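Trainee: Could you take me through the salt bridges here, one by one? I'd like a close look at which side chains pair up and where they sit.

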Amino acid sequence: MKKNYLFTLLLTILISTASFGQDLLITGIIDGPLPGGAPKGLELYAINTIPDLSIYGLESTTNGAAAAGVEFTFPADPISAGTFIYISNTNSSASFQQYLGVTPQYENSVLSINGDDTVILYKNGIIEDSVGKIGEDGSNTAWDHLDGWAYRKSNTGPEGITFTTTNWTYSGVNGLEGGANNATANTPFPIGTYSNSTASVRNNTIDGFAIYPNPVTNNKLTITSNSAEVKNISIFNVLGKNVLTTSVFGNNAEINTTSLASGIYIIKVQEGVNIATSKLVIK
């Protein structure tokens, strides 16, 4: 059980790191001042084109609860790069549009939260990003946005299981008081202002990527792709330690795994601006 947990944690870190050029992140959250705390909603941003949004899902945690898994899965919609996505609490699209002037594409009870709760973004069941610290009650913290908002600074994120408070700006508690809509609030929610100008390294986009045999039984691992471009390889054990780094060339490149003990690993292969990650088993 412990080994499986460490493996999942390592895979989350490797696959969900911003430098690997992930496609979707959380950019803002609002806990409105209207009756019932409306509008409650989330803003996300597509860094790259997403052919099928259903690989992503959301979870909300309250009162410092730990992450438990996806509660809402997006439908299988294609999303273009540079698109903002808005999701509101169930039956609150009207108040979202009234207050912010934007009609959300989706609504779900996963956004039935307050400004001291955490929202988590998953990709293929793995934590990709969050607003609020997972496992912490946000009351009286730097990120507490009760009746207010939190908004990501441009060119930051996604951060996987990490929540860096300095990568966000905050209205503070009751920051949206003072008006009937966002424009007249004391501290208006900066809706749709996030930008990402960082060159993107894309994850799992190596054309024709494959590794075999897996499990490795003869100390020889072959890595294939449709390009003969140099492949920079890093292998990590379940504790996150880099145990092998090398470079190979060719469409069918071979590496020697003699130095690796039997066990479970993560292999990361970078070919140009593209990266692929995979579970690797050494027998």
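Mentor: Happy to! Let's start with a pair of residues: Glu 159 is buried, and Arg 152 is buried as well (buried means under 20% relative accessible area, exposed over 50% and partly exposed in between, with a 1.4 Å probe and protein chains only). A word on the source: this is a predicted model, where local features need pLDDT of at least 70 and side-chain atom pairs count only at pLDDT 80 or more, while totals for chains, interfaces and linings use all residues. Residues are numbered from 1 along each chain as its sequence is written, and side-chain values use heavy atoms, with hydrogens and water left out.

Glu 159 and Arg 152 form a salt bridge, with 3.5 Å between their closest N and O atoms (the term means a side-chain nitrogen of Lys or Arg within 4 Å of a carboxyl oxygen of Asp or Glu). Shared partners in salt bridges link Asp 129, Arg 152 and Glu 159 into one network.

Asp 129 is buried, like Arg 152.

In total, the structure has three salt bridges. One of them joins the side chains of Lys 40 and Asp 31, at 2.7 Å from N to O. Lys 40 counts as buried because its relative accessibility is 9%, and Asp 31 counts as buried at 2%.
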